[in-house]
Amino acid sequence: WGWWRLRQLPPVEAIYQRMLVWAGDRGVPKRPYQTPLEHTALLKEQLAGPTASAVEALSAAYMRWRYGAIPTDPQQLRQLLRQIRRSR
């Protein structure tokens, strides 16, 4: 059910949600009361180097798209998500 739901979302939202699933699998789930900025800060504390930078970039692009209606290239976000998923 969850993956079907992700396929129904706009591409930028779906990519961000996949990152949240990845974070939850690593013990850092996004709580309902957390903003994307707060969750990103928490994730950055747990991660290092390029992974932290990729999480920050993906989250910033999502926030620009979601709250600022600024177009975002989904292909670039997919690359960031692949980089994040490769990390341990």
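Which residues does methionine 19 touch, not counting residues up to four places away in sequence? Methionine 19 touches Leu43, Val55, Leu58, Ser59, Leu81 and Ile84, where contact means heavy atoms within 4.5 Å. This is a predicted model, in which local features need pLDDT of at least 70 and side-chain atom pairs count only at pLDDT 80 or more, while totals for chains, interfaces and linings use all residues. Residues are numbered from 1 along each chain as its sequence is written, and side-chain values use heavy atoms, with hydrogens and water left out.

**Nonpolar core**

- The largest nonpolar core has 19 residues, and those with the most contacts inside it are Met19, Leu43, Leu58, Leu77 and Ile84; such a core is a set of buried Ala, Val, Leu, Ile, Met, Phe, Trp, Tyr and Cys residues joined through side-chain atoms within 4.5 Å.
- Helix 2, helix 4 and helix 5 (74-86) each supply at least two residues of this core, and helix 2 gives the most to it, with 7 residues; helices (H or I, at least four residues) are DSSP runs numbered from the N terminus.
- As general background, nonpolar side chains in soluble globular proteins tend to be buried together.

- A search of the whole structure finds 2 aromatic pairs, where rings of Phe, Tyr and Trp (its six-membered ring) pair if their centres lie within 6.5 Å, and planes under 30 degrees apart count as stacked, over 60 as edge-to-face and the rest as tilted.
- The rings of tyrosine 16 and tyrosine 62 have centres 3.9 Å apart and planes at 5 degrees, so this pair is stacked.
- Because tyrosine 16 lies in helix 2 (residues 11-25) and tyrosine 62 in helix 4 (residues 49-68), the pair ties together parts that are 46 residues apart in sequence.
- Tyrosine 16 counts as buried at 2% relative accessibility, and tyrosine 62 is buried with a relative accessible area of 6%; buried means under 20% relative accessible area, exposed over 50% and partly exposed in between (1.4 Å probe, protein chains only).
- The rings of tyrosine 62 and tryptophan 65 have centres 6.0 Å apart and planes at 40 degrees, so this pair is tilted.
- Tyrosine 62 and tryptophan 65 are 3 residues apart in helix 4, and are therefore separated by about one helical turn, while tryptophan 65 counts as partly exposed at 25% relative accessibility.

**Packing of helix 4 with helix 5**

- The axes of helix 4 and helix 5 come within 9 Å and cross at roughly 150 degrees, with axes taken as lines fitted to C-alpha atoms over the stretch in contact and angles running from 0 to 180 degrees between N-to-C directions.
- The contact is made by Pro50, Thr51, Ala54, Val55, Ala57, Leu58 and Ala61 of helix 4 and by Leu77, Leu80, Leu81, Gln83 and Ile84 of helix 5.

**Individual residues**

- Threonine 40, in helix 3 (residues 36-46), is buried, with a relative accessible area of 6%, and, leaving aside its neighbours within four places in sequence, threonine 40 is in contact with Val55, Glu56 and Ser59.
- Alanine 69 has a positive phi of about 55 degrees although it is not a glycine; alanine 69 is placed in the loop between helix 4 and helix 5 and is exposed, with a relative accessible area of 66%.
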